[in-house]
Amino acid sequence: MHVCEHSLTLEQQVVNKNLEHCCNCALSTNLWLCLTCGNTGCGRKNFDGSGGNNHGIAHFEQTRHPLVVKLGTITAEGEASLYCYACNNDVKDELLVSHLQVLGLNVAGQRKTEKTVMEINLDINLNFALNKLI
């Protein structure tokens with residue numbers, strides 16, 4: 001994973017800090033927090049109907065705010081699953097702890113409750129490989 005240039009030039013302007021559910025629907029899992037303004041949007045809808053309602057992507061398309069962090073993946077050590085819509089890739093933000101503090105999140109008090117994107121992809125690949133063996 002590479003350090004995202006957008007994380008180095010991020011200008012935060014906190015507008016919304018609702019972390020309980022998506023700002024556009026009632027979903028409370030697979031939530032992505034915009035590091036620019038604090039908007040909480042649900043994730044992408046998966047091919048099997050799971051996931052979310054694409055509200056995180058819709059927020060990017062409306063605002064062009066590039067960086068989001070998956071809320072359930074933030075650890076007390078300052079690790080998390082991050083995505084940059086502008087780079088269209090999973091990325092690393094070396095200033096993540098500072099960026100989350102601006103949004104009012106105490107990183108030291110965070111506990112990982114959801115799988116990261118990398119862990120989800122690994123599970124999918126392992127299941128696919130096992131199913132081919134059976």
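Which residue in strand 5 is the bridge partner of Tyr83? It's Asp90.

A word on the model: it is predicted, so to speak of local features pLDDT must be at least 70, side-chain atom pairs count only at pLDDT 80 or more, and totals for chains, interfaces and linings take in all residues. Numbering starts from 1 along each chain as its sequence is written, and side-chain values use heavy atoms, without hydrogens and water.

Strands 4 and 5 are joined by three bridges; pairing takes at least two DSSP bridges.

**The second largest pocket.** A pocket here is an open set of points on a 1 Å grid where a 1.4 Å probe fits, with protein on both sides within 12 Å along at least five of seven lines; lining residues have an atom within 4 Å of a point. Met1, Glu79, Ala80, Ser81 and Val91 lie nearest the centre. Strand 5 (89-91) and helix 4 (117-133) each give two or more residues to the lining, and helix 4 gives the most, with three.

| Pocket item | Value |
|---|---|
| Volume | about 320 Å³ |
| Lining | 19 residues |
| Nonpolar lining | seven residues |
| Polar lining | six residues |

Asp, Glu, Lys and Arg count as charged.

Terms used
Points joined across faces, edges and corners; volume = space filled by probe spheres on them. Helix = DSSP H or I, 4+ residues; strand = E, 2+ residues; numbered from the N terminus.
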